[in-house]
Amino acid sequence: MKRIADGSIDAIITDPPYCLGLSSNGVKPSAADYSLIKPFWTAVFAQFKRVLKPGKFIYLFTDWRTYPRIFDWFRAEFDMKNLIVWDFEHIKCGNFYRFSHELIMFGINGKGARQFASNERDVWRLPSYRVHGREHPAQKPVDLIEKMIMHSTAEGETVLDAFMGSGTTAVATINTGRHFIGFELSEEYHALCQRRIAEAQQQLLGGEHCG
């Protein structure tokens, strides 16, 4: 992100590893674990702040385990406006009440005006991927990301996703006439991103040709 110009991004939409990558193996994070990763996340949010234009929005996926830790780091740089609940309309695993939602932290860089209707609710009911049709364990549906893009950007503007995963944010920007910048460390998922981007571009060109 240090290579991105100051104030050049129109929205940040990103889905970092939940529990900050520390409990996916079932081991509960300790205070020492969090102290090790705090400098990294402090630097990440500082870069988010630097590259995002004033008055523009950030959406960051999280869950109930990660939210208490990341809350202060988020608010250190952004004015948090709401915590959106995404009801994905089916039930996942879980012993003490099974999971059926995820959380989306929503904030603004400084002060700015709302760009969506005043009657929009903070609970979004959109189905998630089931076992079939999902190529990444945390893959989000395209229409969910498109909703965020349409609520926070205009055509031709640029969206940043620092944790691209399967490339859904890139596909959503192509579908809505926006640009994107994204990063993905995994070679496997980078290849998946490239394929999905190429398919979305081809579909867009095909649709324009037919029209």
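This is a predicted model: local features need pLDDT of at least 70, side-chain atom pairs count only at pLDDT 80 or more; totals for chains, interfaces and linings use all residues.

Tutor: Residues are numbered from 1 along each chain as its sequence is written, and side-chain values use heavy atoms, with hydrogens and water left out.

Student: Which pattern does the chain follow along the sequence?

Tutor: Helices (H or I, at least four residues) and strands (E, at least two) are DSSP runs numbered from the N terminus. The chain has 5 helices and 7 strands. Read in sequence order, the pattern is β-α-β-α-β-β-β-α-β-α-β-α.

Student: What percentage of the residues in the chain is buried?

Tutor: Buried means under 20% relative accessible area, computed with a 1.4 Å probe and protein chains only. Of the 211 residues in the chain, the buried share is 43%.

Student: Which element gives the largest share of the lining of the second largest pocket?

Tutor: A pocket is an open set of points on a 1 Å grid over the protein atoms alone, where a 1.4 Å probe fits, with protein on both sides within 12 Å along at least five of seven lines; lining residues have an atom within 4 Å of a point. Of the 18 lining residues here, the closest to the centre are Lys81, Asn82, Phe106, Arg114 and Phe116. Elements that give two or more residues to this lining are β2 (52–62), β3 (79–87) and β4 (101–108). The largest share, 3 residues, comes from β3.

Conventions
Buried means under 20% relative accessible area, exposed over 50%, partly exposed in between (1.4 Å probe, protein chains only).
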